[in-house]
Amino acid sequence: MRERLIDDFGAADGRSCLGTRWRLVADQVMGGRSQGAHWYGEADGRRVLCMRGTVSLAEGGGFLQLLLPLAESGTLDAGDFTGVWLRVRGNGEDYNLHLKSDALHHPWQSYRVGFTASPAWHTCHLPFAAFRPHRVDRPLDPRRLTRLGVVAIGRAFEAELCLDAIGLYRD
């Protein structure tokens with residue numbers, strides 16, 4: 001299996017392996033009431049990025065998102081890869097990985113796939129073919145990716161997860 005690392009959270013300045021930075025976005029940007037925080041740290045001897053918070057459906061909300069631009073400008077061509085992998089641990093809840101491409105023009109559009117963040121560290125392989133379009137009619141083109149998001153979404157719950165690496169893979 002061939003891989004390309006997106007981030008292992010080892011950079012002292014917080015930049016990903018792509019030179020971009022993670023940030024937390026909550027539904028408050030649209031008037032929602034979800035609240036959360038993200039931080040870098042160590043867990044079980046690993047450098048990690050963690051997110052914790054409360055997803056609320058109040059005021060039309062319902063998400064917390066760890067967001068990473070995949071290029072400082074332009075797009076990331078992942079056309080030679082099968083999908084995205086991530087090593088994750090969490091509170092046993094279901095989460096989403098969202099991808100955006102330069103073909104999407106509205107914040108509510110994305111390509112989505114679900115995964116579970118169980119309490120033990122595990123690696124999820126999420127093939128591009130499994131990502132479903134959300135509020136968009138065109139299929140995902142992995143040659144034109146602009147950003148990814150690890151998202152707690154769609155229901156009221158306590159979110160808690162940590163990532164120790166994320167990347168692209170090819171079978």
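Modeller: Serine 56 has its place in the loop between β4 and β5 (63-69); helices (H or I, at least four residues) and strands (E, at least two) are DSSP runs, numbered from the N terminus. The model is a predicted one, in which local features need pLDDT of at least 70 and side-chain atom pairs count only at pLDDT 80 or more, while totals for chains, interfaces and linings use all residues. Residues are numbered from 1 along each chain as its sequence is written, and side-chain values use heavy atoms, with hydrogens and water left out.

Serine 56 counts as buried at 16% relative accessibility, where buried means under 20% relative accessible area, exposed over 50%, and partly exposed in between (1.4 Å probe, protein chains only). Leaving aside residues up to four places away in sequence, serine 56 touches Asp27, Arg33, Ser34, Gly61 and Gly62; a contact requires heavy atoms within 4.5 Å.

Alanine 78 is found between β5 and β6 (83-90), and its relative accessibility is 0%. Its contacts, again not counting residues up to four places away in sequence, are Phe128, Pro142, Arg143, Leu145 and Leu168. Alanine 78 and tyrosine 169 are 91 residues apart in sequence, yet their C-alpha atoms are 9.3 Å apart in space.

Side chains of opposite charge can pair when their charged atoms come close. Arginine 46 and aspartate 164 form a salt bridge at 2.8 Å, N to O, the term denoting a side-chain nitrogen of Lys or Arg within 4 Å of a carboxyl oxygen of Asp or Glu. This pair links distant parts of the chain, with arginine 46 in strand β4 (residues 46-55) and aspartate 164 in strand β12 (residues 157-170), 118 residues apart. Aspartate 164 is buried at 7% relative accessible area, whereas arginine 46 is partly exposed at 27%. Arg46, Arg87 and Asp164 are linked in a network of salt bridges.

A salt bridge also joins arginine 52 to glutamate 160, at 3.4 Å, N to O. Because arginine 52 lies in strand β4 and glutamate 160 in strand β12, the pair ties together parts that are 108 residues apart in sequence. Both partners are partly exposed, arginine 52 at 43% and glutamate 160 at 35%. Arginine 143, one of the residues that alanine 78 touches, meets aspartate 141 in a salt bridge of 2.9 Å, N to O; aspartate 141 is buried, with a relative accessible area of 17%. The search of the whole structure finds eight salt bridges.

For the chain as a whole, there are zero helices and twelve strands. Of the contacts between residues at least 6 apart in sequence, 73% join residues at least 24 apart. Buried residues make up 49% of the 171 residues. A compact globule with 171 residues would have a radius of gyration near 16 Å, and the protein chain agrees with this at 15 Å; the radius is taken over C-alpha atoms, and the globule rule is 2.2 Å times the number of residues to the power 0.38. Along the principal axes, the C-alpha atoms fill a box of roughly 45 × 40 × 25 Å.
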